[in-house]
Amino acid sequence: MKLALVLNHRCNLRCSYCYTGEKFNRPMSPATARQAVDFGFDRVGKGLLDLTFFGGEPMLELGQMEAIVPYARAEARRRGARVSFHLSTNGTVLSERHLKLMTENAFSVQVSLDGSRQAQDAGRRYRNGRSSMEAAEQNLERLLATGMPLRVVSVITPENSGWLGESLEHLVSLGARNLYFSPNYLGNWDEPARERFEAGLLALGERMLFHFRRG
């Protein structure tokens, strides 16, 4: 069973295409978190509970994660069940405490990074409008260096679809290998945007084939 905990609606970015709604600071209470974990274990019996931390930006709620993970582990032992931990993050917040929690508990991580600087800046900026690229790049490389399972998700929008080939190349240059390009179907895909998408998709396909052929 898969269980996602939205730890807060707070986020340090203001992505132009975000689908999770208004950003406001209302963290999940410890009691609610424990009840949610119990709910999951009640349904898996002695099976596996896949527990995902989501937001907003869940990395802003490190204290919550540090409390939930040992509780979930203890409940899994008590019930004779299993638990795995997953995280979906924008990649801009990463401390040594984050890394310790994730590596010691075998997290798998999904990082949202749209590719090249042009693609990232087209839709994924801080609240004050600054680029989020440097922090996301540096932290992606730190996460990859741990060897933990990691996937990069790049959202294709009408604004960044012309850079898909460059975006793939940039992510590969950072060391990413598990890549997922996801179209934003709710974007304003007018005729010029569709033409950019078609050209960008062809470039993306050519670069993907090139790298597959190289192994």
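## The largest pocket

In this predicted model, strand β3 provides the largest share of the lining of the largest pocket, namely 4 residues. The elements that give two or more residues to this lining are β2, β3, β4 (108-112), β5 (150-156) and β6 (179-183).

The largest pocket has a volume of about 810 Å³, and of the 40 residues that line it, Tyr-17, Tyr-19, Phe-54, Ser-112 and Arg-124 lie nearest its centre. Sorted by class, its lining holds 17 nonpolar, 17 polar and 6 charged residues.

## The second largest pocket

By class, the lining of the second largest pocket is made up of 6 nonpolar, 2 polar and 2 charged residues.

Asp-50 belongs to strand β2, which covers residues 48-54, and it counts as buried because its relative accessibility is 14%, under the 20% cut-off. Although Asp-50 and Phe-85 are 35 residues apart in sequence, their C-alpha atoms are 6.2 Å apart in space. Asp-50 also touches residues including Met-1, Ser-84 and His-86, and its side chain makes a polar contact with the side chain of His-86 at 3.3 Å.

Ser-88 is found in strand β3, residues 82-89, and likewise counts as buried, at 13% relative accessibility. Among the residues that Ser-88 touches are Phe-53, Phe-54 and Gln-110.

How values were computed. Residues numbered from 1 in each chain as written. Predicted model: local features only at pLDDT ≥ 70, side-chain atom pairs only at ≥ 80, totals over all residues. Heavy atoms only, no water. Buried < 20%, exposed > 50% of the residue type's maximum accessible area, 1.4 Å probe, protein only. Contact = heavy atoms within 4.5 Å. Polar contact = N/O pair within 3.5 Å; in protein donor to acceptor, adjacent residues only side chain to side chain. 1 Å grid on protein atoms, 1.4 Å probe; cavity = no way out; pocket = protein on both sides within 12 Å on 5 of 7 lines; lining within 4 Å. Points joined across faces, edges and corners; volume = space filled by probe spheres on them. Nonpolar A, V, L, I, M, F, W, Y, C, P; charged D, E, K, R; others polar. Lists of a residue's contacts leave out its neighbours within four places in sequence.
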